[in-house]
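Dear colleague,

I am passing a structure on to you below, and after it I set out what was found, with the cut-offs that apply to each term. Please read it with the model itself open beside you.

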Amino acid sequence: MKLVPIFAAALLAPLFAGIVNQTKAFFAGRRGPGLFRLYFELAKLMRKSCPRSATSTWIFDIAPAVSLAATLVATAMFPWGPGPGAFAPACAAVFFYLMATGRFFTVLGALDTGSAFEGMGASREMQFSALVEPALFVILGFLALLTGSSSLGGMLGGYDPSDWTHHSVSLVLAGVAFFTILLCESSRVPFDDPETHLELTMVHEAMVLDNAGPDLAFILYGAALRTMLLAAFLVAMLLPELDGGEWTRTGAIFGGVALVALAVGVIESIMARMRFTKTPQVLMATLMTSVLATLLFALFR
Amino acid sequence: MIFLLPIAAVVPAAAIHATGYLAGEPRRALLRFWGFFLATAASMAFVVLSPDRLSFLLAWEFMGLSSAGLVAFEHGERHVRKATWTYLLACHAGACALMLAGLFMDSAATFLAAFFCAVVGFGLKIGFPPFHVWLPEAHPAAPAPASAVMSGAMIPLGFYGLLRFFWPACAVVPYASAAGWTLLALGASGAVLGILFALPQANIKRLLAFSSVENMGIVGLALGLSVLAGVEDQSVSRLACAGALAHVLNHALLKGGLFLGAGSVLKATGTLDADRLGGLMKRMPFTGTLFTLNAAGLAGLPPLNGFLGELLIYAAAFDAAKSANPALAVAGFIALAALALAGGLAAAAYCKVVGAVFLGEPRGDEASAARETPARMWLAQLALFVLSVAMIPGTVILACRITSCGSDALLLSATGAGCAFAATVAILVVVRRFLCPRGGVKPSVPTWDCGYGEPTARMAYTATAFTQPLADLFAGLLKPRRHLVPFRGDPAAPTDAALATETDDRALAGFWRPLFSAAARALQRSHVIQNGSLHLYILLAILAVVALLVAALVS
């Protein structure tokens with residue numbers, strides 16, 4: 001039964017992208033491409049061939065597969081239900097370092113083409129991710145403090161509901177910080193713009209300019225799944241222990257993920273992308289927010 | 001005994017690599033190299049096996065001197081002589097501090113003085129900032145196999161010394177928290193500053209040297225956490241200690257492999273400047289593949305073994321962060337943030353090296369003319385990499401011994417996830433091959449690059465460009481020197497422009513040079529008694545003997 005939510009997550013990931021895009025279309029007064037657009041897109045890409053640059057090497061060949069595999073294993077590790085996910089009792093560091101492995105190879109794949117645009121995207125991706133890490137791990141430390149557990153399943157398995165009333169400020173601050181990290185790690189506005197790849201905004205989209213066919217399908221699907229996984233992480237860390245049957249928590253996580261998708265769409269509609277040089281400042285502010293959340297929690301415990 | 005393993009692994013691999021690396025050198029130079037190499041290896045082993053303090057110090061000094069002979073291998077070059085001089089100074093200053101530590105360490109009252117002297121003495125070998133000055137000078141100057149041995153097996157012996165002489169005392173003496181915080185602060189600053197200075201370096205071996213500062217910082221951080229947790233929480237303490245030892249092993253194998261790879265690149269192209277290389281993966285497939293895998297391992301990425309050591313430290317830091325003791329919790333959070341930042345920056349640094357040196361198109365004639373090295377050179381690299389993969393179960397067993405099986409569930413779950421990851425990658429690669437059967441897998445077209453025509457190597461991102469955003473962000477700390485030749489003349493047809501940046505070691509210019517020149521000024525006065533006249537010296541010696549005799553008689 002534990003496998004059901006994992007497969008559901010893997011199947012529903014393209015829908016997450018659909019919700020974001022449909023929200024954006026609503027705000028722009030367009031009809032939008034429909035919720036299921038990415039499914040058709042993936043099916044089309046799977047039938048195409050994958051031409052490959054003569055400059056590239058085996059790294060370019062395996063980079064999309066490595067990136068997707070890392071996200072898939074992380075999905076399996078995620079505690080979708082009340083109990084822990086696969087490979088319990090996993091440390092939260094394994095979860096995020098797997099994603100880092102995916103990023104390492106995506107960046108190398110981009111550098112493998114020898115293209116200036118892709119090099120630019122790769123350089124920026126590494127800059128953002130290096131600055132995100134401290135904030136992310138401070139939040140994880142906060143979760144360890146909140147739940148009294150240092151495994152991934154324990155950290156996301158829900159905290160004592162009375163903490164919500166005592167520590168709501170800390171929880172909201174941590175939630176805001178993690179939401180900012182989600183936007184940055186999944187290359188959304190205001191850090192990156194998933195709709196352009198040939199402007200000076202480009203980060204993630206620029207890295208995959210030379211990928212086509214099934215490779216591109218792996219990348220698009222992996223990106224959707226990663227965003228959804230981070231959204232699920234945000235929901236699970238904010239959810240207290242729930243009463244009710246076995247599926248209550250799973251249902252709540254999936255419902256929350258849909259709300260996060262709406263929020264991402266709204267932010268993308270009402271905000272412009274930030275200037276590139278402002279990004280480090282925002283990420284520093286995120287680190288400070290997560291430190292503040294921890295301090296407030298520790299002071300009022 | 002754990003510290004013997006890196007010596008036993010890295011020394012033979014480096015020796016095999018050296019037979020290829022030094023091919024073509026004159027007989028005398030070879031004799032000198034092997035003499036010093038064997039002396040270094042033997043003295044390193046003797047440091048670990050030495051039965052008492054005196055023999056430890058003797059072996060320690062001998063290790064420093066013989067490895068200085070290795071650094072001075074190409075003594076015809078000015079920068080090599082300078083590096084050797086810096087290294088010798090660091091060795092002797094370290095030995096002096098260790099002798100002082102030996103004087104103080106027997107009494108509990110002077111325990112802290114002894115500990116700080118030992119931290120300076122061993123820190124000069126380990127490379128805690130600001131004692132790391134010799135690393136980025138000596139490693140690029142020494143031949144690659146010597147760098148591999150020094151970085152992989154010799155530097156961690158500083159930790160061996162600290163553990164051997166101070167570990168039992170740290171747990172009982174009430175000064176444990178001072179000792180723990182010292183190690184934690186030095187380790188955290190070493191981890192972050194080391195990798196920050198590594199990032200903008202264009203010289204591959206200089207980058208690797210700074211990255212050694214980072215890795216030793218991580219080990220110091222873990223040991224500091226372990227000492228701090230020691231009294232309160234045995235399980236956290238043991239977890240952190242296991243992580244530190246595992247990281248020493250992983251660093252030895254992986255960094256040894258990386259230095260050997262850098263040596264092969266130098267041998268094949270004649271340069272270590274990442275901005276002039278590129279496209280070596282096609283020309284040197286074995287060296288390139290092994291270098292990439294080693295780099296991924298050292299960046300701490302699962303499923304490779306480099307991750308397991310860091311995982312143990314992370315787990316200890318999480319446990320410390322949720323502890324009820326506020327000091328330990330703060331230490332845990334500092335460790336988490338420092339490890340995370342260092343990890344993110346290390347991934348960026350290794351992406352830069354691999355990307356600039358091995359991927360893309362060659363940026364110069366040196367790189368385009370490169371050929372794969374003789375088999376024994378990359379086989380030495382392969383041996384170290386295979387050993388590091390084989391150490392995955394070894395790490396589990398080691399950690400289990402130290403933590404009395406408190407960590408096996410954690411490590412087994414991580415190894416399980418790693419295996420699942422490797423299997424998924426294999427499945428997806430096969431699926432992809434099946435989906436694009438013809439034309440797809442063979443490289444056939446030029447890089448598309450949004451239709452900008454066939455991009456030349458001049459258009460590709462260089463190593464310096466890759467890390468420029470991060471280097472600019474931390475410019476206040478790194479203080480890079482820029483040499484800019486701006487556009488001149490008619491704006492419509494400008495002349496060539498050029499930009500070069502160099503990031504020097506700030507500790508040398510900002511701390512050691514002022515210190516040494518101040519010391520030289522202060523010691524000017526002592527020239528009164530050192531004026532070159534033999535009579536005065538004899539008089540002073542006789543006076544000293546008389547004074548000692550009087551002192552002996554009086555007491």
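The lining of the second largest cavity consists of eight nonpolar, six polar and two charged residues, where Ala, Val, Leu, Ile, Met, Phe, Trp, Tyr, Cys and Pro count as nonpolar, Asp, Glu, Lys and Arg as charged, and the others, Gly among them, as polar. This is a predicted model, in which local features need pLDDT of at least 70 and side-chain atom pairs count only at pLDDT 80 or more, while totals for chains, interfaces and linings use all residues. Residues are numbered from 1 along each chain as its sequence is written, chains are lettered from A and ligands numbered from 1 in the order in which they are written, and side-chain values use heavy atoms, with hydrogens and water left out.

The second largest cavity holds about 90 Å³ of space, and among the 16 residues that line it, L111(A), G355(B), A356(B), R363(B) and Y461(B) are the closest to its centre. A cavity here is a set of points, on a 1 Å grid over the protein atoms alone, where a 1.4 Å probe fits but cannot get out, whereas a pocket is an open set with protein on both sides within 12 Å along at least five of seven lines; lining residues have an atom within 4 Å of a point. Grid points are joined across faces, edges and corners, and a volume is the space filled by probe spheres set on the points.

The largest cavity has about 250 Å³ of space, and its lining of 22 residues has S67(A), G102(A), T106(A), H204(A) and R226(A) nearest the centre. The helix α4(A) gives the most to this lining, with six residues (helices are DSSP runs of H or I, at least four residues, and strands are runs of E, at least two, numbered from the N terminus).

As for the interface, 74 residues of chain A and 77 residues of chain B take part in the contact, which means heavy atoms within 4.5 Å. Two salt bridges are found across the interface of chain A and chain B, each a side-chain nitrogen of Lys or Arg within 4 Å of a carboxyl oxygen of Asp or Glu. D61(A) forms a salt bridge with R432(B), with the closest N and O atoms 3.0 Å apart.

With best regards
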